[in-house]
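Please keep the structure open beside them and look up each residue as it comes.

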Amino acid sequence: MPIPSQARRGAAGYPPISVKVADRPVLVVGGGRTAFAEVRRLVEFGALVDIVAPHVVSEITDISVTHGHRLTLKKREFSLDDEDAVSNRSYALVFACTGNA
């Protein structure tokens, strides 16, 4: 039975992956609706999420209050220190959810 082309490629050409994120650090860069969707899923799976963005949608602020033990909100631009943390593999995953990615 042939696999439909969309299933082979995944959504928008990205393959689906499975990664254990429970109790692992994850970085989300960006504070908009796309970032919120990722943050919400990551929290549901138990990730320890750092969010770096100068401005965030209200939903991110709300989830940072209700899940503060799992989230760290850093209201600022992505910095060289963040880049170093990524380079040093301080995060299990990194999501670029900005218009500047």
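1. Which residues of the largest nonpolar core touch the most other members? In this predicted model, they are Val 28, Val 39, Leu 42, Val 49, Ile 60 and Leu 71, out of the 18 residues that the core holds. Two or more core residues come from each of β1 (25–29), α2 (33–44), β2 (48–52) and α3 (58–66), and it is α2 that supplies the largest share, with five residues.

2. Once residues up to four places away in sequence are set aside, Val 39 touches Val 28, Val 49, Ile 51, Ile 63 and Leu 71.

3. Of the 101 residues in the protein chain, 32% are buried. If you take the contacts between residues at least 6 apart in sequence, 52% of them join residues at least 24 apart.

4. How do the axes of α2 and α3 lie relative to each other? They come within 9 Å and cross at roughly 25°, and because angles under 35 degrees count as roughly parallel, α2 is described as roughly parallel to α3. The crossing in which α2 passes α3 is left-handed. On the α2 side the residues that meet α3 are Arg 33, Ala 35, Phe 36, Val 39, Arg 40 and Val 43, while on the α3 side they are Glu 59, Ile 60 and Ile 63.

5. Asp 50, which is found in strand β2, deserves a careful look. Is Asp 50 buried or exposed? Its relative accessible area is 14%, and because buried means under 20%, Asp 50 counts as buried. Apart from neighbours within four places in sequence, Asp 50 is in contact with Val 26, Leu 27, Val 28, Thr 72, Lys 74 and Tyr 91.

6. One of these contacts of Asp 50, the one with Lys 74, is also a salt bridge, in which the closest N and O atoms are 3.6 Å apart. Since Asp 50 lies in strand β2 and Lys 74 in strand β3 (residues 71–74), the pair ties together parts that are 24 residues apart in sequence. Lys 74 has a relative accessible area of 24% and is therefore partly exposed.

7. Arg 41 and Glu 38 meet through their side chains at 3.2 Å, N to O, and both residues belong to helix α2, where they are three residues apart, about one turn of the helix. Arg 41 counts as partly exposed, at 38% relative accessibility.

8. Which residue forms a salt bridge with Arg 76? The partner is Asp 82, and the closest N and O atoms of the pair are 2.6 Å apart. Arg 76 counts as partly exposed at 30% relative accessibility, whereas Asp 82, at 4%, counts as buried.

Notes
Residues numbered from 1 in each chain as written. Predicted model: local features only at pLDDT ≥ 70, side-chain atom pairs only at ≥ 80, totals over all residues. Heavy atoms only, no water. Core = buried A, V, L, I, M, F, W, Y, C linked by side-chain atoms within 4.5 Å. Buried < 20%, exposed > 50% of the residue type's maximum accessible area, 1.4 Å probe, protein only. Helix = DSSP H or I, 4+ residues; strand = E, 2+ residues; numbered from the N terminus. Contact = heavy atoms within 4.5 Å. Salt bridge = Lys/Arg side-chain N within 4 Å of Asp/Glu carboxyl O. Axes fitted to C-alpha atoms, helices over the stretch in contact; angles between N-to-C directions. Parallel < 35°, antiparallel > 145°, perpendicular 65-115°, else oblique. Left-handed = near helix turned anticlockwise from the far one by under 90°.
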